[in-house]
Amino acid sequence: MTSLSQFAEVLDYDEALAKFDPVLGLEVHVELNTNTKMFCGCPTEFGAEPNTQVCPVCLGLPGALPVLNQIGLESAIRIGLALNCSIAQWCRFARKNYFYPDMPKNFQTSQYDEPIAFEGYLDVELEDGETFRVQIERAHMEEDTGKSLHIGGATGRIQGAEYSLVDYNRAGIPLIEIVTKPITGAGERAPEVAKAYVSALRELLRALGVSDVKMEQGSMRCDVNASLRPRAEDQDSVPLGTRTETKNVNSLRSVERAVKYEISRHAAVLTGGGKILQETRHWHEDTGITTSGREKSDAEDYRYFPEPDLVPIAPDAAWVEELRGTLPEPPARRRRRLQGEWNFSDKEMRDLYNSGAVELVEATVAAGASPLAARKWWTGELSRLANLEEKQLSEMPVTPAQIAQLQALVESGKLTDTLARQALEGVLAGEGDPEQVVEKRGLVLVSDDGALGEAVDRAIAANPGVADKIRAGKVQAAGALIGSVMKEMRGKADAARVRELVLERLPVDAPDA
Amino acid sequence: MPAISRDEVAHLAGLARIEMSPDELDRMAGQLDVILGAVAQVREVAGDDVPATSHPMPLVNVTRPDVPRPGLSAEQALAGAPAQQEQRFRVPRILEED
Ligand SMILES: [Zn+2]
């Protein structure tokens, strides 16, 4: 139910930062890309028919016994190592008990006080190239929950729903939860640090090859904890304020917006003499605000205890070192290497990184395009279109190979830039590869001078005034005629050739002198 | 001083979504107290050098290869469901959760 009271007062962000010091904590859940679930052999394909990837284990039927997925464990350790964590020499799973139909067992198998990885850090690069170190508290293994559809009620949300329909295909898919220590010292850059952290983490996980890290499909999800404390000379000595936890903030842009919103909201409450409730909050992507969820109470009493159906994990030290040897080149170092290979400036590389295009450009270059052309496509036309649609570049329905093909068509002279943009439009509309789009839409340059010449003649006849100006020496007036021809040809002409034909037909009269 | 109070039993019953009458709470508190007393005796016998046990078998690192295995069909999975709709388990609405 939406009521006015939900739209909380917010304080101007700069004013909030003048009075308060923000402290953040980020919890990121990432689904591993294993073939099977964490504790059973059910497949994990996205988008299968409901309840077709289930078995007695993940349905929690009596007598079923879970067994840990070897690759799930390996991925967890590799993530821990990549985050500079210590790896537990001995640890166990725990049952997190709660009643909610998304977990048919009435508990979630997780880890409690013995995470597989702990005490690490991740260096993240901010937009101006500065590095900020985020301390990692822990990374632990657990399993995903089922998916509920809430039926009835106006909004499809749980409020007002009459009943729910549950699909357990996702229940039991391996999850790694990565939790930061309180992030202090970011000041007014807290929203940027939060976004940069999630972005760096996503890049790292992708490089590790452990997850497809698609925030829009929910394979990477972020919960944002935020609190404020009064500004002080000795900031570290001021105890942390009460925090709120905003759940399911699932895009980089939203992470930044949610942090900013919560800082402004907390500041308004505290400045008005109010108290922050320790509660979970819902993020609303459309309006960019959070609303109150539930207060932390009995629901948080999960009565964790060691999972008796699974045996402890004691990774052999030699094996852990072997896994350390499989870690990829750290993304920041890799970026510096690529920058050298591509001969890009610091700023060009940073823009590429900030727009999430490094991997896309790399793949486009691998598919045959020059680094310069690849960068131009991704940070130019595609960024523009992605911005219009409020999407991430990686969400655009075009592959690096298609961009390389498009560029090859331009370089071979088959397409002009204008036609190439039309071909891209077709690719994005799902009409196939650039070559197919060119064929279907007939985006072929009219190079036949006969047809072009006739169009030029028509343009001259229709614009006698313009023609006179050109004859009189105002060559720049040719633009109007070229435009008219291009329009008639629907852009399928080489503008430079049209210009030549226009000027051939309209020689400048000898000056009277 | 009992090992578990009637209030604590009521709290646990709430967490477990079990409705208990006042009589049942009294009876259950007494019974659980006896059980916890027995556990306390065992704890006295085990010295500090005996680590807590969470699993009866002295095993570690039991894993399986990441290879899919056939599970249940949707029909089989839903066979025991009290209610179903659109190939999904139909459950009563849940309040005040996200
Ligand atoms: Zn299963």
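Visitor: What separates the centres of domain 1 of chain A and domain 3 of chain A?
Guide: Taken over C-alpha atoms, the two centres lie 61 Å apart. The bounds, which come from an automatic or database domain assignment, are 4-301 for domain 1, 331-441 for domain 2 and 449-505 for domain 3 of chain A. Keep in mind that this is a predicted model, where local features need pLDDT of at least 70, side-chain atom pairs count only at pLDDT 80 or more, and totals for chains, interfaces and linings use all residues. Residues are numbered from 1 along each chain as its sequence is written, with chains lettered from A and ligands numbered from 1 in the order in which they are written.

Visitor: How confident is the predictor in chain A, going by its mean pLDDT?
Guide: On the pLDDT scale of per-residue confidence, from 0 to 100, chain A has a mean of 90, and 95% of its residues reach 70 or more. Residues 1-6 of chain A are below 50, and that stretch has 2 contacts in the model beyond near neighbours in sequence. A contact here means two C-beta atoms, placed from the backbone, within 7 Å.

Visitor: And what is the mean for chain B?
Guide: Chain B has a mean pLDDT of 88, with 96% of its residues at 70 or more. Its lowest confidence is in helix α1 (residues 6-15), at a mean of 90, and its highest in strand β1 (residues 63-64), at 98. Helices (H or I, at least four residues) and strands (E, at least two) are DSSP runs, numbered from the N terminus. For the complex, the predictor gives an ipTM of 0.86 and a pTM of 0.79.

Visitor: Why are α14(A) and α17(A) called oblique to each other?
Guide: Helix α14 (residues 449-462) and helix α17 (residues 495-505) of chain A pack at about 55°, with axes 10 Å apart. The axes are lines fitted to C-alpha atoms, for helices over the stretch in contact, and angles run from 0 to 180 degrees between N-to-C directions. Under 35 degrees is roughly parallel, over 145 roughly antiparallel, 65 to 115 roughly perpendicular and the rest oblique, so α14(A) and α17(A) count as oblique.

Visitor: Which residues of α14(A) and α17(A) make the contact?
Guide: Leu452(A), Gly453(A), Val456(A) and Ile460(A) come from α14(A), and Arg497(A), Val498(A), Leu501(A), Val502(A) and Arg505(A) from α17(A). By class that's 6 nonpolar, 1 polar and 2 charged. The classes are nonpolar (Ala, Val, Leu, Ile, Met, Phe, Trp, Tyr, Cys and Pro), charged (Asp, Glu, Lys and Arg) and polar (the others, Gly among them).

Visitor: What makes α2(A) oblique to α3(A)?
Guide: α2(A) and helix α3 (residues 190-208) of chain A pack at about 130°, with their axes 11 Å apart. That angle makes α2(A) oblique to α3(A). Arg78(A), Ile79(A) and Ala82(A) of α2(A) meet Leu204(A), Leu205(A) and Leu208(A) of α3(A), giving 5 nonpolar, no polar and 1 charged residues.

Visitor: How many residues of chain A are in contact with chain B?
Guide: 47 residues of chain A touch 35 residues of chain B. On the chain A side, the largest share, 5 residues, comes from β9(A). By class, this side has 25 nonpolar, 13 polar and 9 charged residues.
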